[in-house]
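Visitor: I have a structure open here and would like to talk through a few of its local features. Could you guide me?

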Amino acid sequence: MNKAFVKESDGDDDDDLPDARTLPAGTKNYMTTAGYRTLKDELMHLMNVERPEVVQVVSWAASNGDRSENGDYIYGKKRLREIDRRIRFLTRRLESAEVVDPSQQPNRDQVFFGATVHYCDSQGQEFTVTIVGVDEAEPLVGRISWVSPVARALIKAREGDTVTLRTPVGIEELDILDVSYPAAPD
């Protein structure tokens, strides 16, 4: 069947599309050991479990004959492209990763990558955030990217310092209440 009749394209390399997790130009892809392990596990699962299962379904569906109206075949090919795109993305991210173990931080009284910071804003509302890699960030659970405005304001500050955060609504003062790092493994 001619590709003009099915919604498939040859140039399906959408991995270069803008991503919310893009790194600023010229910066390293810092990542915690746990974040690296999570991405590596996802990559291995995609390559060793999901992709072979989808390939098997697509192969079975292709053997059934007419592919133009074969939902298993069409969906399987689409899912295969999604998996391959994610594999390429994860491979590039892992190759460029600079793994940092926060438990090995020598300056434990100062905010650096991997620190957990407890701070208070000018309204007295308290927050606790952990500064992690771009691919590990989950702001709703207090894990913020090291390139985020809040993390950039906190970096290099110490407990008791007041830092300035520039926001779209104005300048915000943040008081750092506590800085901690994970314990070093024995």
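Predicted model: local features only at pLDDT ≥ 70, side-chain atom pairs only at ≥ 80, totals over all residues.

Visitor: Let's start with the second largest pocket. How much space lies in it?
Guide: The second largest pocket holds about 210 Å³ of space.

Visitor: And which residues line it?
Guide: The lining consists of Tyr30, Val100, Gln105, Phe112, Phe113, Trp146, Ile155 and Lys156. By class, 6 of these are nonpolar, 1 is polar and 1 is charged.

Visitor: Turning to the rings, how many aromatic pairs are there?
Guide: The structure contains 3 aromatic pairs. One of them joins Tyr30 and Phe113, with ring centres 6.0 Å apart and planes at 45°, so this pair is tilted.

Visitor: Where do the two partners, Tyr30 and Phe113, lie in the chain?
Guide: Tyr30 belongs to strand S1 (residues 29-32), while Phe113 sits in the loop between strand S2 (97-100) and strand S3 (116-120), so the pair ties together parts that are 83 residues apart in sequence.

Visitor: Is Phe113 buried or exposed?
Guide: Phe113 counts as buried because its relative accessibility is 12%, and the cut-off for buried is under 20%. Tyr30, at a relative accessible area of 27%, is partly exposed.

Visitor: What sort of pair do Tyr30 and Trp146 form?
Guide: Tyr30 and Trp146 form an edge-to-face pair, 5.2 Å from centre to centre and with 75° between the planes. This pair also links distant parts of the chain: Tyr30 is in strand S1, and Trp146 is in the loop between strand S5 (143-145) and helix H3 (149-154), 116 residues apart. Trp146 is buried, with a relative accessible area of 14%.

Visitor: Which residues do the ring pairs link into a cluster?
Guide: Tyr30, Phe113 and Trp146 are linked into a cluster by ring pairs. These three residues are also among those lining the second largest pocket.

Visitor: New topic: in what sense do strands S6 and S7 pair?
Guide: Strand S6 (residues 162-167) and strand S7 (residues 170-180) pair in the antiparallel sense, over 6 bridges. A hairpin of 2 residues joins S6 to S7.

Visitor: Which residue in S7 stands opposite Leu165?
Guide: Opposite Leu165 stands Glu172 in S7.

Definitions and conventions: Residues numbered from 1 in each chain as written. Heavy atoms only, no water. 1 Å grid on protein atoms, 1.4 Å probe; cavity = no way out; pocket = protein on both sides within 12 Å on 5 of 7 lines; lining within 4 Å. Points joined across faces, edges and corners; volume = space filled by probe spheres on them. Nonpolar A, V, L, I, M, F, W, Y, C, P; charged D, E, K, R; others polar. Phe/Tyr/Trp six-rings, centres within 6.5 Å; stacked < 30°, edge-to-face > 60°. Helix = DSSP H or I, 4+ residues; strand = E, 2+ residues; numbered from the N terminus. Buried < 20%, exposed > 50% of the residue type's maximum accessible area, 1.4 Å probe, protein only. Pairing = 2+ DSSP bridges.
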